[in-house]
Amino acid sequence: MDQKQPPKSKYTPQDILNRADALQRQMEFSFRDSIIQSTYAEAEKLSKDAVRQKGDALQTWGDRFDRIITNPFTGLPLMGLGLATVIWITIAGANYPSQWIFNFLFWLGDLAKNLFVMMGAPWWLTGFIWDGVYRGLAWVVAVMLPPMAIFFPMFTILEDLGFLPRISFNMDWLFKIAGAHGKQALTMTMGFGCNAAGVTACRIIDSPRERLIAILTNNFVPCNGRFPTLIMLATLFVAAGFQGLASSLIAAGAVVLVVMIGVMFTLLVSALLSRTVLKGEPSSFSLELPPYRKPDIIRIFYTSTVERTLFVLWRAITMAAPCGGIIWLFSNLHISGKSLSLWASQALQPLGHAIGLDGVILLAYIIAIPANEIVVPTILMVYSNADKMVDLATMDQLKALLIDQQGWTLLTAINLMLFSLLHNPCSTAIWTIYSETKSLKWTVVGTLMPLSIAFLVTFIVAQSLRVLGWF
Amino acid sequence: MEPQNKQIKVSSQQKAEEPISSACERCPLAVQRFGIDLEKWDYIVALAGNPNTGKSTLFNALTGLRQHTGNWPGKTVARAEGGFGYQDKKYKIVDLPGTYSLLSASVDEEIARDFILFGKPDCTLVVVDSTCLERNLNLVLQVMEITDKVVVVANLMDEARRRGIEVNYRRLGENLGVPVIPAAAAKGEGISEILKAIHDMVMGTTHTTPHRIASEGPLKEAVDELTDMIEKTYPGIPNARWIAMRLLDGDQKVRETLANGDLAQLTQGQVKTRESVDLDV
């Protein structure tokens, strides 16, 4: 037992430190916890003594709503329901506009192509521009614009209302268990828009350790570039055989499930990191739930269309155009009688098959590193170019190509969704990780760790389903 | 927000990135009287408080500046400094980042804490939201651990009244042991009382007996014992109690400084400003 220091008139610094340590050890709780508890207790006492509520407390509708939305039992399920609704509205609302844009842009492309042929342009120029670059662009616009134009305004309204801190509030305990910062939920929601933005948002986390965890795991939230891929796969495969409302509901359910898996991996990997290479205690913080604010329509319109939709779309377009050209070249440059894309996809085939995908899909992922949003267009272009132009104007034709000609199964769809969710960040996000961490090491970890997880998970799923004899 | 009280003479300087010209064009008279010469202030006033309590509104009301209000934690807001004159004395007022506590290690909290600790403000105003006093009092209690020269501004009293919340400001002041001034800064209510409270504080006519957190039980014994050891070893040291608490909390920085025998550095340490902190942003 520690002996109390005999009273002296002067001590050495070491005396003081030793005594501080001894006093610390004697305490039942940590000093900080005791101080915080004591502060709260005092504040409560002081306030009780001086404050009196006359009549009933004025309850704003926001207060009442908060009681339900931040309730430990109803909060998270309600927010899950809210997310599902947002995704469902996006899927149901984007379906027809996507088709219209698709039809229009492809009609326009064919028109221009014929014009080129009539004018006697060389076949390779016509092919490169209209079958390569233009098709890539048309695909990206048709697949991405409608969902984004619906999703981003809803997201911005929720942000403006003051909803995001409440998500953080409800998820705090989960992140605490994972040894991460509660504000990581905020950075996660920003990641829905764009992972690069999500990584930047991690600045709100002060502790370098927890900030790094948030940066490294942000990728597990599917960004808007990956949403259309998930939506398309869910609609085509998971909701296959259903019509109308049932189809969109089931598709939304599948996408929500994928998002949940993403959140699960965020927490799992955070927990793993905070117990291994990034050891430490989660730091405490206070988070104010701001009063609900009436959203400003003009600001929402501006933010969601100009800053978000057009920004992301423009980035996708600038990435899709060169990729479309590259794919066309890959499909039309032949070596020993085989096109480059055939060579490449055949080389990747064994690896692709092992994880329930195929060589073309992996090739598409390599070509699409600059932007995740063009993975599916790339896959389709490689398929269709190899098969001498398949018209993909309708979902049925798309399905025919994937299922009948390329042998896609439900396993392919499931694993493609999982791979899309878990694989490496796009080049913009990778660059953002570097500029935020200023560390080559963590950038490499942030890139390769998700990629390895994606391979591992899809491998396990593919192999176990095959062993079960389902595929 | 133009100051309503005729006694306030306003001069202004803002060390933020934002241009100050527009603010000074609106107060040409005051600039003529003082010039933008903040090297020659008589007293320093620190402005602390939770976010969204109207701190910046009060800052603007006192200085005539137009600092941007409304922020959310993490968004970098430049630390603002301004000046005002009252009863022939010149004051520099420093608007600290809004924080809920001074305990955890966030950059904002560190800036606020270090300024109150090392910036040697002659008076620290803690702005609290009268509609949710309990939560706001946590910060008041923590500030009072560091300094005795505290004036609490109970802002948003009009909103509290509207919600049927009756606050006995006098009683609160008695229990806290520091002056409590009710105010509605957005409407200019209470500004002159705040100025008088600042004046009385810096002149030394106000005697405070700050309510301490660890005022009973084993916590008090531990803090008292260590404080006593520090005071005996370093006679005349200010903030001995704060150092004791930091040591008990295991603050590595304070431990090292003490072990180096360079405790003077702790009490006369440089004030961290937003400019000097590497925010890595």
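Predicted model: local features only at pLDDT ≥ 70, side-chain atom pairs only at ≥ 80, totals over all residues.
**Entry: chain A overall**

I began with the make-up of chain A. I found 19 helices and three strands. Of its 471 residues, 43% are buried. I then looked at how far apart in sequence the contacting residues are. Among contacts between residues at least 6 apart, 72% join residues at least 24 apart.

I checked confidence next. The mean pLDDT of chain A is 84, and 94% of the residues reach at least 70. The lowest helix is α15(A), residues 375-386, with a mean of 74. The highest is α19(A), residues 440-467, at 94.

**Entry: chain B overall**

Buried residues account for 49% of its 281 residues. For contacts with a separation of 6 or more, 69% come from residues 24 or more positions apart.

**Entry: where the chains meet**

β1(A) pairs with β7(B), residues 165-167. The sense is antiparallel, and there are three bridges. I noted one bridge by name: Val51(A) has Val167(B) as its partner in β7(B).

**Entry: strand β6 of chain B**

I turned to β6(B), residues 150-155. Is this strand enclosed or open? Six of its six residues are buried, so β6(B) is largely enclosed by the rest of the structure. Val150(B), Val152(B) and Ala154(B) point one way. Val151(B), Val153(B) and Asn155(B) point the other way. In a regular strand, side chains alternate between the two faces of the sheet. Here the residues pointing each way are all buried.

I then listed the partners of β6(B). β5(B), residues 123-129, pairs with it in the parallel sense over six bridges. One bridge joins Asp129(B) to Asn155(B). Between these two strands the chain passes through helix α5(B), residues 133-146. I recorded this β-α-β crossover as right-handed. β8(B), residues 180-182, also pairs with β6(B) in the parallel sense, over three bridges. Opposite Val153(B) I found Ile181(B), in β8(B).

**Entry: two positive phi angles in chain B**

I looked up two residues that are not glycine but have positive phi. Gln87(B) has a phi of about 50°. Gln87(B) lies in the loop between β3 (80-86) and β4 (89-95) of chain B. Leu156(B) has a phi of about 60°. Leu156(B) lies in the loop between β6 and α6 (157-162) of chain B.

Is Gln87(B) buried or exposed? It has 10 C-beta neighbours inside 10 Å, and 12 or fewer counts as exposed, so Gln87(B) is exposed. Leu156(B) has 26 such neighbours, and the cut-off for burial is 20 or more, so Leu156(B) is buried.

**Entry: helix α11 of chain B**

I examined α11(B), residues 252-259. Which of its residues are buried? They are Val254(B), Thr257(B) and Leu258(B). Viewed down the axis of α11(B), these buried residues fall within an arc of 100°, so they line one face of the helix. The face turned away from the buried side carries exposed Gln252(B) and Glu256(B).

**Entry: Leu278 of chain A**

My last stop was Leu278(A). I placed Leu278(A) in the loop between α11 (244-275) and α12 (297-332) of chain A. Leaving out residues up to four places away in sequence, Leu278(A) touches Arg209(A), Leu212(A), Ile213(A) and Leu273(A). I checked the spacing to one of them. Leu278(A) and Leu212(A) are 66 residues apart in sequence. Their C-alpha atoms lie 8.4 Å apart.

Key:
Residues numbered from 1 in each chain as written. Chains lettered and ligands numbered in written order. Pairing = 2+ DSSP bridges. Helix = DSSP H or I, 4+ residues; strand = E, 2+ residues; numbered from the N terminus. Arc of directions from axis to C-beta. Contact = placed C-beta atoms within 7 Å. Right-handed = clockwise from strand over helix to strand, strands pointing away. pLDDT = per-residue confidence, 0-100.
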